[in-house]
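Visitor: I have a new model open on my screen. Can you walk me through it?

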Amino acid sequence: MASIETRDKRILLFEDSDIFADMVLEFLDALGYQTRRAVNGFEGIKTVFSFMPHLIITDVEMPLFKGYQATRLLKSRKNTKNIPIIMFTSLNEIKDKFWGNQAGADFYIEKSPENFTELQSSVAKLLAEAPEPDFAAIEHEGKRIDDNALIETVNNLLDAKLFQTTVIGMLAELSAKLGSLEDIVRGFFDLLNYICEAEIVTVMIKGQDNSLVVYSANRVGFNEPIAEDFNAISIADFNNLFPDFQVAKRETEDFYPPGDKKKRIESYIMVPLLVGGQKFATVHIGNSIKEYFSPVIMENLDVFLNAASPIISNALSILEMEELQKKTRIAFARYVPSDVIDEIIHKSSGTSIQSETRNVVIFFLDIRNFTKISENSSAQDLVSFLNAFFSIMGNEIIAEGGHIDKFIGDAIMAIFGAPRPLPNAQACAIRAAVRMIKALAKVDTSQLTLPEKGFAVGIGINSGECVVGNIGFQDRMDYTVIGDNVNLASRLEGVTKMYHHPIIVSENMYEAARDQFIFRKVDTVRVKGKNNPVGLYAVYSAFAGEAAAADCQGPAAASLVIDRELLDCYEKGLRLFSMKEWETAKTYFNNALRIDENDYLSKVYLERIEEYSLLGEPVDDAITLTEK
């Protein structure tokens, strides 16, 4: 049970460690003392004037004011000097005890749970011997104290080294909250005003790409003509320091607007900021007092600015990195999905994407008859057209989560499912192909000389295991895919010419997305160099007469619409063809042609039936592709 002597005694603890603070407060509470905690020396000093403790226990190493700085301040003031102070800290070097003694601490105890008994006896002894503080006077004094007054008091009280240490500690606090360059400079201006009376100040910072960032603070409200003269002098000094710096872009922020003060600026200095021995910025300070910048002020300024330089430089680097990321995102946005851009930007420069075997979708698009188009069109018209064409087509690929691997002349190679995995990649790739065919209606070909058949493209898509990753050498790496499945996708793009259809996909693609699109079996082929035949399928997006068919405007998009009855006749004919029921198969293919006399695939199989009738049946149904 608490004694009468302890129940009315208040103890204030300065401790930034939550764990140790809880231990000390629990110990003191158990002894019956009234307690309160401050998390740093600055907060502790202010709390003294509201809590009015009978005794203070303080750590040494804390944010803002250290323990001996707070002690020295309290011991120097008439009303608080009689409050006993115990330094309870893990710092036990001779220099720490020296500073504690010099500051006026009554006891210095090494921080440890084993020393709580010593702490208890020291507290009791000091409370018994120390005279009662004048709490009424302390309360009255507290009403006149604000943050600025405390800082100014420390400036006047502490010796130069301690003052510089305090301000550098506050700079460290500022750097820990590194957000934007503007926020850092605002904090820098506030601290600078503690170092000296910076009545008007400008910071001019060199950025990359010859950009100049300028921040100003006209704290006392010099009128506009005086402020403009100050700025002109600052710019002239900056230009003299950096004669080769050509400003391409200038950003200016005034934290304090001009006022109506007509007093002259009698003192002015310019100090360059350096990082790694290189000048990157200047600080310009003006004051209305003559010969204001004394040796003492300049010493403090030099210490402060040396410590502030890397903080401002780091904030500038972050700003420039953000700008670079924006530019990178804009530059890559046409070619790479946003999630892949994030991965590229945030990967460290020392890492690279390792090669691996992965199941992906490979997508090829090629412009038909581009050689003839290029022979009859100017180079400039071709380049302008390709840029516009690739932009339209690329946007459709990215919209479906694809990654543009490369542009190959008039062709596009894309990947779905790498670098990032993509759920339902096969459907995404087919959907992108359909969107691209529909988007051909937006492509302006008015500057080109087109062949009689007009402008068209072919798209081939395959899926399967490929080797994906960075391929190349140290100075030139290319993220791409290689393997037989890539070669097959390229061949499929080529056979779109043979089968007169803009989108041809492999059997792997068909099996993965058969329930999401309309497919038509085109053929079974054997690619040169491969024994296993591959099924090929044409892709359609709508049946004739249905609402979805209305979206297919233009000759190219119209090829994505098929009559439902025609497809039924064709598929029955194809099944009979594979069973070698030639005559019945002919009936169904002819029925398909009665629905659409231009149905090319029905004509192909009717021609094959006639050929087989004359030359005999082939060994198997697979057609061997001997060229692309």
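Guide: We'll take the cores, then the strands, then the charged pairs and some loops.

Guide: This is a predicted model, so to speak of local features we need pLDDT of at least 70, side-chain atom pairs count only at pLDDT 80 or more, and totals for chains, interfaces and linings use all residues. Residues are numbered from 1 along each chain as its sequence is written, and side-chain values use heavy atoms, with hydrogens and water left out.

Visitor: Which residues have the most contacts inside the largest nonpolar core?

Guide: They are F363, F389, F416, I430, I461 and I503, in a core of 45 residues. A nonpolar core here is a set of buried Ala, Val, Leu, Ile, Met, Phe, Trp, Tyr and Cys residues joined through side-chain atoms within 4.5 Å. Buried means under 20% relative accessible area, exposed over 50%, partly exposed in between, with a 1.4 Å probe and protein chains only.

Visitor: Which helix gives the largest share of this core?

Guide: Helix α16, residues 425–439, with 11 residues. Helices (H or I, at least four residues) and strands (E, at least two) are DSSP runs, numbered from the N terminus.

Visitor: What is I503 in contact with?

Guide: Leave aside neighbours within four places in sequence. Then I503 is in contact with A433, V434, I437, I459, I461, Y537, A538, V539 and L560. Contact means heavy atoms within 4.5 Å.

Visitor: And the second core, how many residues?

Guide: That separate core has 35 residues, including V185, F280, I285 and L305.

Visitor: Where is S313, and is it buried or exposed?

Guide: S313 is in helix α12, residues 295–332. S313 counts as buried because its relative accessibility is 14%. Beyond four places in sequence, S313 is in contact with V275 and F280.

Visitor: Next topic, strand β18. Why is it called largely enclosed?

Guide: Seven of the seven residues of β18 (534–540) are buried, so the rest of the structure largely encloses this strand. V534, L536, A538 and Y540 point one way, while G535, Y537 and V539 point the other way.

Visitor: Which way does β18 pair with β16 and with β17?

Guide: Antiparallel with β16 (residues 503–506), over three bridges. There, S506 has L536 as its bridge partner. β17 and β18 are also antiparallel, over seven bridges, and V525 is partnered by V534. Two strands pair if DSSP finds at least two bridges between them.

Visitor: What about the five-strand sheet, what is its order?

Guide: The order is β2-β1-β3-β4-β5, in an open sheet with parallel pairing. β2 (34–38) and β5 (107–110) are the edge strands, each pairing on one side only. The twist averages 20 degrees from one strand to the next. Axes are lines fitted to C-alpha atoms, for helices over the stretch in contact, and angles run from 0 to 180 degrees between N-to-C directions.

Visitor: Which helix lies across β1, β2 and β3?

Guide: Helix α3, residues 41–51, running at about 165 degrees to β1. β1 (10–14) and β3 (55–58) pair in parallel over four bridges. L12 has I56 as its bridge partner in β3.

Visitor: Now charges. How many salt bridges?

Guide: The structure holds 23. A salt bridge is a side-chain nitrogen of Lys or Arg within 4 Å of a carboxyl oxygen of Asp or Glu. One of them joins R520 and D599 at 2.5 Å, N to O. R520 is in β17 (518–527) and D599 in the loop between α21 (582–595) and α22 (600–615), 79 residues apart.

Visitor: Are R520 and D599 buried or exposed?

Guide: R520 counts as buried, at 2% relative accessibility. D599 is buried too, with a relative accessible area of 7%.

Visitor: What about K406 and D405, what distance?

Guide: Their side chains meet at 2.3 Å, N to O. K406 is partly exposed at 27%, whereas D405 is buried at 9%.

Visitor: And which helices hold E610 and K586?

Guide: These two form a salt bridge at 3.2 Å, N to O. E610 lies in α22 and K586 in α21, so the pair ties together parts 24 residues apart in sequence. Elsewhere, shared partners join E396, E400, R431 and R435 into one network.

Visitor: Last one: what is the phi of M52?

Guide: Positive, about 50 degrees, although M52 is not a glycine. Most residues other than glycine have a negative phi. M52 is in the loop between α3 and β3 and is buried at 15%. H500 also has a positive phi, near 55 degrees, in the loop between α17 (484–499) and β16.
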